[in-house]
Amino acid sequence: MVHDTHTRRRRRLDTQTLPLDWRKALVMPVFEKGDKSNPENYCPISLTCICCKIAEHIIASQVMTHLDNHGIFVDCQYGFRRKRSCETQLLITSHDLAEILNYHSQVDVAALDFSRAFDKVPHYRLLLSHKYYSLDVIGWVESFLSSRTQRLVVDGFTSQEAPVLSGVPQGIVLGPLLFLVFINDTVTDISSPIRLFADHCLLYREVRSLSDCRFLQRDLDRLVQCRKMWGMEFNVKKSNIISITNATSNKIRYQYTMDGEQSDSLILVCTLV
């Protein structure tokens, strides 16, 4: 009997399939900020099987090593990567901005945020990304994402089981890696400097004339169209654009838009430093 069980488990590993129990999750809503009565201010954390987490660690470690050794990840991605962090991204970006200001120039910076990034990743498009990079674990990832179910747990009460039709579960080991692979082509055909930290994006450009503003606007439009094509969008309400300059005159003002929308958060703000 023990031998039969071992054989079945090995067969599942060889065929890159997962037991159904490994694809079940209890979701705990973790409050972030804002109004506690607003469900959008909670982050859904998935609690999953311990055995599945161990398997995820093995898969994630091997895949990450492969992606790093072959230089597949774009260099501007600093989230969830070895020897990179929020601090290293901050130092490099601060250095770039300081160099521009040393020449008494102006830099326009767009701080962008994906709208419910981890929750909206379409599974079939995520699998296409893995096929594009020829990752051998594509079958394992497909099994990992298919037939997933979850139950919400709040104050000791548990909801009925519901299917997970899209998104990368937050709180799991493999989630960040899957997301990084999915957005790896975000910087395609972008001429302005760009920095990524998981689902956060920083785009900036030195501005000496209105033509530089138009180039930055063009890159904003390309980012928006690229993400919409892959089933994701930027959250305009959480996106901001600021102009930084130490000049006391001749400031260049430009009304940027995202997806044709002009909002208060996108109004250019001039700051003296």
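## The cavity

The largest cavity has a volume of about 40 Å³, where a cavity is a set of points, on a 1 Å grid over the protein atoms alone, at which a 1.4 Å probe fits but cannot get out, and where the volume is the space filled by probe spheres set on the points, which are joined across faces, edges and corners. This is a predicted model, in which local features need pLDDT of at least 70 and side-chain atom pairs count only at pLDDT 80 or more, while totals for chains, interfaces and linings use all residues. Residues are numbered from 1 along each chain as its sequence is written, and side-chain values use heavy atoms, with hydrogens and water left out.

The lining (residues with an atom within 4 Å of a point) consists of I59, V63, H130, V137, V141, L174, L177 and L178. Helices α2 and α6 are the elements that give two or more residues to this lining; here helices (H or I, at least four residues) and strands (E, at least two) are DSSP runs, numbered from the N terminus. By class, the lining has seven nonpolar residues, one polar residue and no charged ones, with Ala, Val, Leu, Ile, Met, Phe, Trp, Tyr, Cys and Pro counted as nonpolar, Asp, Glu, Lys and Arg as charged, and the others, Gly among them, as polar.

Not counting residues up to four places away in sequence, F144 touches L18, R23, C52, E56, I172, L174 and L178, a contact being heavy atoms within 4.5 Å.

## The loop at G79

G79 lies in the loop between α2 and α3 (86–102), and G79 is buried, with a relative accessible area of 0%. Leaving aside neighbours within four places in sequence, G79 is in contact with L180, L196, F197 and A198. G79 and H200 are 121 residues apart in sequence, yet 9.0 Å apart in space, C-alpha to C-alpha.

Conventions: Buried means under 20% relative accessible area, exposed over 50%, partly exposed in between (1.4 Å probe, protein chains only). On a 1 Å grid over the protein atoms alone, a cavity is a set of points where a 1.4 Å probe fits but cannot get out, and a pocket is an open set with protein on both sides within 12 Å along at least five of seven lines; lining residues have an atom within 4 Å of a point.
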